[in-house]
Amino acid sequence: MPTPAPTPTEDGRPSPDALLRAARQEGRGHLKIFLGAAPGVGKTYAMLSAAHELLRQGVDVLAGVIEHHGREETRALLQGMPQQPLMTLDYRGRPFQDMDLDGILARSPRLVLVDEFAHSNVPGCRHARRWQDVAELLEAGIDVYTTLNIQHLESLNDIVQRIAGIKVRETVPDTVFAAADEIELIDLPPPDLIRRLEDGKVYVPEQARRAIHHFFSPATLTALREMALRQAAERVDRQMVDYMRAHAITGPWPTRERVLVYLDPEGDGERLVRSGKRMAERRGASWGAVVVETPHAAVLDEARRDRLAAALRLTSRLGGDSTTIHGDDAVEALLGHARSSNATVLVVGRQPRRWWRRTMADHLLARSGEVNLLVVAEQARSKDESQATSPAGAGWSWRAAVVASLAVVGATLVGHGIDLLGLPLPNISVAYLMGVLFVAIRAGQLPAIAVSVASFFAFNFFFTEPRYTFAITDTQNILTVVFFLLAAVVVSRMAARLRVQVQVLRENARRTETLYAFGRKVSAAVTQDDVLWAIAHHVASTVHGSSVILLPAEGGLQVAAAYPPEDNLDDRSAAAAEWAWSHEQVAGRGTSTLPAAQWLFMPLKTARGAVGVLGVHVASPQAPLPDTMRLVETLADQAAIALERTTLVQDIEAARVATERERLRSALLSSLSHDLRTPLVSIMGASSSLISYGDRLDNGSRTELAQTIQDEAERLNRFVQNLLDMTRLGAGALVPKRDWVDVQDLLRSVVGRAARLTGQHVVQVEITAQMPLLYVDGVLMEQVLFNLLDNACKYAPAGTVVKLWASHTAGQAVIEVVDQGPGIPPADRERVFDMFYRVDQGDHRSGTGLGLAICRGIVQAHGGTIVADGGLHGVGTGVIIRLPLSAPPAEAPP
């Protein structure tokens with residue numbers, strides 16, 4: 001049946017889905033599959049012939065692996081074809097050869113030939129199947145030609161087994177087959193293929209004789225040929241639909257159907273999944289599988305849960321959606337989900353009829369309404385399998401038998417006590433009902449029903465007349481015993497159902513609490529280590545095993561956290577983790593990629609990409625159940641977001657530091673380009689005047705030019721000294737060399753050094769009496785006071801007074817430099833001590849903007865403080881230095 005296409009856009013433009021698929025193919029390799037109905041039809045021959053044609057056209061072709069099986073015609077075509085040497089692996093003490101995937105990736109040809117698409121790789125290879133190797137080649141942008149027989153298609157596996165009587169172990173997921181860019185059918189009629197087989201062109205003679213009587217019979221080959229032709233026709237139809245979508249060609253666009261497969265714990269789930277997949281393919285419909293968890297289904301044994309898990313994994317491999325829903329009534333929950341998901345066909349398995357209850361198909365047929373129902377025949381199972389999955393033995397164990405026996409004995413003893421008290425007979429039945437209720441709560445439904453029957457006979461034997469026989473003479477006692485049995489059965493069923501519901505509620509509460517506690521803890525975590533610990537602990541408790549988190553580092557992934565603590569992974573697990581990280585896909589145990597690893601790894605993905613890898617390990621030989629894995633995936637999503645949050649905090653801090661660094665760099669460059677260039681220009685101008693006009697200048701002019709050179713050189717020296725001091729402060733290399741210094745000598749030295757700068761100002765120095773000595777680095781403190789005096793003279797008008805005051809209070813020396821300039825606004829009095837900061841007052845005085853920053857650094861190195869304030873009577877600026885006083889030595893002068 002042709003596959004219907006979805007509705008195009010109303011404005012006649014190409015389908016967005018088709019355009020998105022085309023965009024996703026950008027950068028990927030082109031996959032072409034040579035499809036055949038059986039071995040020997042000439043797939044490899046046709047692939048090599050097509051490759052030779054491309055080779056003649058100059059295309060870089062490489063034969064990755066060719067399985068010629070001794071056929072001379074195929075082997076001849078390998079002549080002149082570049083081939084990648086096979087790699088040799090040791091397995092169970094014997095050497096085996098397989099395709100060298102890494103060698104091909106390093107060689108990076110334009111086209112690589114990979115024979116036998118469904119081949120199973122030798123254990124030790126990176127992937128379990130060859131089609132996974134091909135997927136990696138395609139991701140690397142390498143085109144691939146490959147071959148495939150129709151019996152290796154996953155959805156046709158059970159049909160081929162039924163037709164040919166052979167179980168095909170090597171299969172390719174239908175999604176991989178559907179993703180091929182081109183399919184070329186290599187067809188050969190059955191008589192011609194049998195003739196080739198007889199001529200020894202397919203197998204050696206002995207193998208050929210066996211094959212003719214089994215797989216290569218005319219009927220089998222005809223059926224396989226029909227399946228291959230059908231698959232090819234459906235492929236052509238899909239290509240036609242894709243072309244119509246991409247080119248906005250109008251046509252019939254009916255609404256698509258949806259097929260929903262119900263997975264019953266008692267049925268053959270994998271068979272139903274394959275049937276649903278085939279039906280969806282023929283109808284061109286979307287499809288999926290659903291599991292209904294009722295209170296009874298929530299306590300299934302491991303065998304049933306494993307079957308459901310295998311069916312759900314097969315659904316994912318075949319490209320279907322898997323869903324688990326919850327409800328007390330399986331029929332109502334299933335039909336409700338079918339209607340809400342717009343399913344048109346519901347696929348269920350046919351269960352054996354029992355006279356005491358209707359099957360699931362019967363209930364669905366009576367209540368399905370507009371949903372079509374397809375009942376698939378179950379495959380006959382062996383007697384051992386039927387007994388293993390029969391619900392009759394469910395819930396029985398030696399402990400349940402002991403509890404049931406004690407309940408009957410205990411109720412009988414209590415009944416004798418009631419009988420001795422002379423109470424009416426119905427009171428004794430209450431004791432037995434309590435025993436039934438106790439067993440139902442502790443052991444389940446089946447032991448409780450057994451106790452009900454046993455209590456019925458014990459009640460009859462010990463307490464109804466005639467006693468100690470099973471005969472009943474009183475009609476009233478007959479009704480009492482019968483109603484007792486009915487009541488006991490009803491109570492046992494209700495109590496057992498309540499017990500199961502309580503178990504389910506406890507499990508759901510545990511999972512909810514796990515998610516809540518995890519979310520609360522990672523939300524409160526500030527550092528990355530806290531987040532990693534929360535992730536590792538909660539995931540380990542969820543799977544009842546171990547967990548590990550790996551983060552990228554130099555040289556690859558490294559273990560960042562684990563619970564229980566784990567420092568290293570074995571080689572296979574490490575390889576699986578690297579694969580999951582680099583390809584952002586699940587790998588390791590329970591998957592088809594590196595399944596030999598002990599751990600299952602899943603990438604922690606966010607919108608920005610993978611931030612790490614989460615690994616889980618359970619002691620059970622089986623992989624974690626799907627519902628557990630869904631919970632782990634939810635935790636992994638939250639973990640990825642939490643890790644990204646910590647990364648974003650680090651990125652924001654790094655961006656802030658980088659911005660600040662860039663601001664300082666720009667300020668420094670601006671200072672160097674302007675303020676340092678100004679004295680250089682003056683020096684160059686004065687020196688060039690002396691050189692050019694020195695003999696024509698009088699002594700006064702020459703002295704003035706020389707004085708200019710000296711003044712500007714000293715100013716340049718101060719700028720450079722400030723830069724050097726700031727560098728030493730930033731590196732922590734500026735260590736004061738303390739000694740006892742007289743404040744009067746210090747201020748006199750500063751005033752003398754700044755004589756040229758203060759020539760247009762009146763400098764006044766005031767020192768309080770009995771000023772103690774300072775234990776400071778005299779050179780550095782002189783530099784501080786010189787910078788302050790320089791700033792005061794630079795910004796204060798000519799002719800104004802600049803004062804230097806020195807005084808002392810309890811334990812502190814105070815030195816203040818006050819000018820009568822424009823002053824510093826209160827909002828900027830703290831910021832002026834930042835590097836390169838200047839108050840914007842309309843003037844642009846020379847300077848690097850480092851003077852006050854250096855002053856603060858030196859003063860703080862002495863354990864003091866420096867602040868800017870207003871001048872006298874609110875006019876000008878006052879910079880106040882406070883230094884701690886120390887006791888002078890005994891020999892110091894007063």
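Trainee: Is Glu830 buried, partly exposed or exposed?

Mentor: Let's start with the ground rules. This is a predicted model, where local features need pLDDT of at least 70 and side-chain atom pairs count only at pLDDT 80 or more, while totals for chains, interfaces and linings use all residues. Residues are numbered from 1 along each chain as its sequence is written, and side-chain values use heavy atoms, with hydrogens and water left out. Buried means under 20% relative accessible area, exposed means over 50%, and partly exposed lies in between (1.4 Å probe, protein chains only). Glu830 has a relative accessible area of 47%, so the residue is partly exposed.

Trainee: With which side chain does Glu830 form a salt bridge?

Mentor: A salt bridge here is a side-chain nitrogen of Lys or Arg within 4 Å of a carboxyl oxygen of Asp or Glu. Glu830 meets Arg856 in this way, at 2.6 Å from N to O. Arg856 belongs to helix H27 (residues 851-861) and Glu830 to the loop between strand S22 (812-818) and H27, so the pair ties together parts 26 residues apart in sequence. Helices (H or I, at least four residues) and strands (E, at least two) are DSSP runs, numbered from the N terminus. Arg856 is buried, because its relative accessible area is 16%.

Trainee: How many salt bridges does this rule give?

Mentor: The count comes to 19. One of them joins Glu154 and Arg274, with the closest N and O atoms 2.9 Å apart. That pair links distant parts of the chain, 120 residues apart: Glu154 is in the loop between strand S6 (143-149) and H6, and Arg274 is in helix H11 (residues 269-283). Both ends are buried: Glu154 has 5% relative accessibility, and Arg274 has a relative accessible area of 8%.

Trainee: How far apart are the closest N and O atoms of Glu67 and Arg130?

Mentor: They are 3.7 Å apart, and the two residues form a salt bridge. Here Glu67 counts as partly exposed at 23% relative accessibility, whereas Arg130 counts as buried at 1%.

Trainee: Let's turn to sheets. What is the strand order in the open sheet of 5 strands?

Mentor: Strands of a sheet pair through backbone hydrogen bonds, either parallel or antiparallel. Two strands count as paired if DSSP finds at least two bridges between them. In this open sheet the order is S14-S13-S17-S16-S15, with antiparallel pairing. S14 and strand S15 (587-588) stand at the edges with a single partner strand each, so one side of each has no neighbour in the sheet. Strand S13 (residues 546-553) pairs with S14 over 7 bridges, and Ser547 has Tyr563 of S14 as its bridge partner.

Trainee: What kind of peptide bond joins Tyr563 and Pro564?

Mentor: Most residues other than glycine have a negative phi, and most peptide bonds are trans. The bond between Tyr563 and Pro564 is cis, with omega about -5°. Pro564 is found in the loop between S14 and H21.

Trainee: Where is Gln770, and what is its phi?

Mentor: Gln770 sits in the loop between strand S19 (762-767) and strand S20 (774-776). Its phi is positive, about 55°, although Gln770 is not a glycine. Gln770 counts as exposed, at 77% relative accessibility. Glu116 also has a positive phi, near 55°, and lies in the loop between strand S5 (111-114) and helix H5 (130-139). Glu116 is partly exposed, with a relative accessible area of 25%.
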